[in-house]
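Morning, everyone. A quick tour of one structure today. Please have a look at it first.

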Amino acid sequence: MLTAYTSDEIRTAERALMALLPEGTLMRRAATALAVACVEALPRVYGSRVVLLVGSGDNGGDALYAGALLARRGARVDAVLAGKRVHEDGLAELTRAGGRRLGLSQGTSDPAVRALVDRADVLVDGLVGIGGTGALREPYAGLARLAAGAPGVVVAVDVPSGVDASTGEVEGDAVTAHLTVTFGAAKAGLLIDPGASRVGALRVAGIGLGPYLPEPGVVALTGPDVAGRLPRPGAESNKYRRGVIGVVAGSDRFTGAAVLAVAGAVRAGAGLVRFAGAAEPVRQVRARWPEAVTAVVSPGEDVKDVGRVQAWVVGPGMGTDDDAHALAASALAAGVPALVDADGLTLAARDRSLLRRAAPTLITPHTGELGRLLGVPADEIEARRLYYARRAAAELGVTVLLKGSTTLVAEEGGPVRVNLTGTPWLATGGTGDVLAGIAGAYLAGGLSALDAASCAAYVHGLAGRAAAGGPGGGEAPIAALDIARELPGAIRSLVAGG
Ligand SMILES: NC(=O)C1=CN([C@@H]2O[C@H](COP(=O)(O)OP(=O)(O)OC[C@H]3O[C@@H](n4cnc5c(N)ncnc54)[C@H](O)[C@@H]3O)[C@@H](O)[C@H]2O)[C@@H](O)CC1
Ligand SMILES: [K+]
């Protein structure tokens, strides 16, 4: 499991470790790791051009010491000093190694600065790290904008400047890096969008913090973590033991959501899928998925009559009228785990009592749906994903899988799980319905809501990548059913450790 921390947690651990080491040891460790990363990013060090954007704190100090190491190996190193202060020992070290310095007396539009940035093979962002607060101020903001047009490799020191290391929030301008070398442990903000998309490749450089770190507030499951959690049939299994999932989805107007949710459930390995809905989606599910047991439910009928179910998925494409409400309410009245998605969430935004259940409840909103549930604009949720995922879990008393650029799974009192698989091509209609089916199958298979949600997001992301990828490399658009098709292969390779 990958663990990630806030700036304060990192600082506390650093202080504890620093107290035991000679002064400057940690910075030298950090700078060495940074220099190694720069060396690896360059075709050759000797004669290459390295430009350091140096802020006034220790983040700038790291850049200066790393610059000194690169200068000693024959790189031409220029430091652009952006702050009112500078790490004096670091600057002295760079100067001794033959590096040069440039002030910003003429501001960030200084042609000399622009020329340096334009010709840099590697641009090192040492403006701010975990000491950054709020939006980048000038002249740092101007340098971040300049870095955006840099033709060379942009390497961020600890954190891309402008990204909140604790949350991933980005208030103003921020550096977009090709590579981020972060020290001691991952920071939560490097894993969560919008910050995560500024990070590029992430390298965690050990500096010995491990024993001093607290329980993490943010974690990410790795392949083996997911493989070890997935329900797997044993010799004693039968379809009922493996988990019967009930799906309430689709309507006479929207039939595709029903087919897709059932596809996810079947392909994720549910023992049995029971589908309950209006006549037209039932017809379509039957035609596409003969494995599913279907029942037409007329308005006013109770879904409990369709047979035994170990977890319900309620919502995709079911509509939001009174009949849909009654149907959702009858499924959610069951004392088994339930997943509420899509139209089910719109219904719950109007009538929160739908989510007040004794059995585990997992909701799978995108930012718009969560916005309606919490009464907050969607773009506000997009900007502060970690905060709102946690808040929703606490306020609604449910497990929350917040979909989007980085999927988060939050439950009150525990660390938030970030999903690291996926591809931007997944942002297309119907993929959420497949995800609901997968997570529902895992709930029915006995996983907790937290594990069902995070394992489903992981395999859904893997299958999405497989669907988008081709034999020649690169990625192409995908359709939601492609994800269901790729699920068995994705799960097979995951379980095999591939
Ligand atoms: N503490 C330690 O033991 C270690 C720290 N290291 C480095 O030290 C960094 C933290 O150093 P600092 O605590 O000095 O903090 P930073 O260097 O991250 O930033 C603080 C400086 O940036 C300015 N600043 C903050 N927010 C700003 C904004 N929005 N716009 C413009 N300027 C802003 C502050 O006025 C202050 O001068 C880490 O990220 C890491 O790079 C590493 O050397 C490893 C060891
Ligand atoms: K930085």
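Start at tryptophan 312, which stands opposite alanine 338 in β15. From β14 the chain crosses through helix α11 (residues 322-332) to β15, and this β-α-β crossover is right-handed. Right-handed means that, with the strands pointing away from the viewer, the path from the first strand over the helix to the second runs clockwise. Helices (H or I, at least four residues) and strands (E, at least two) are DSSP runs, numbered from the N terminus.

A word on the source. This is a predicted model: local features need pLDDT of at least 70, side-chain atom pairs count only at pLDDT 80 or more, and totals for chains, interfaces and linings use all residues. Residues are numbered from 1 along each chain as its sequence is written, and chains are lettered from A and ligands numbered from 1 in the order in which they are written.

Back to β14. β14 pairs with β15 (residues 338-340) in the parallel sense, over three bridges. Pairing takes at least two DSSP bridges between the strands. β11 (residues 244-248) also runs parallel to β14, joined by four bridges. There, glycine 246 has tryptophan 312 as its bridge partner.

Now the ligand. Which helix gives the most to the shell around ligand 1? It is α3, with four residues. α1 (7-18), α2 (25-41) and α3 (58-72) each supply at least two. Around ligand 1 there are 28 residues (C-beta atom, placed from the backbone, within 6 Å). Coming nearest are Gly57, Asp58, Asn59, Gly129 and Gly131.
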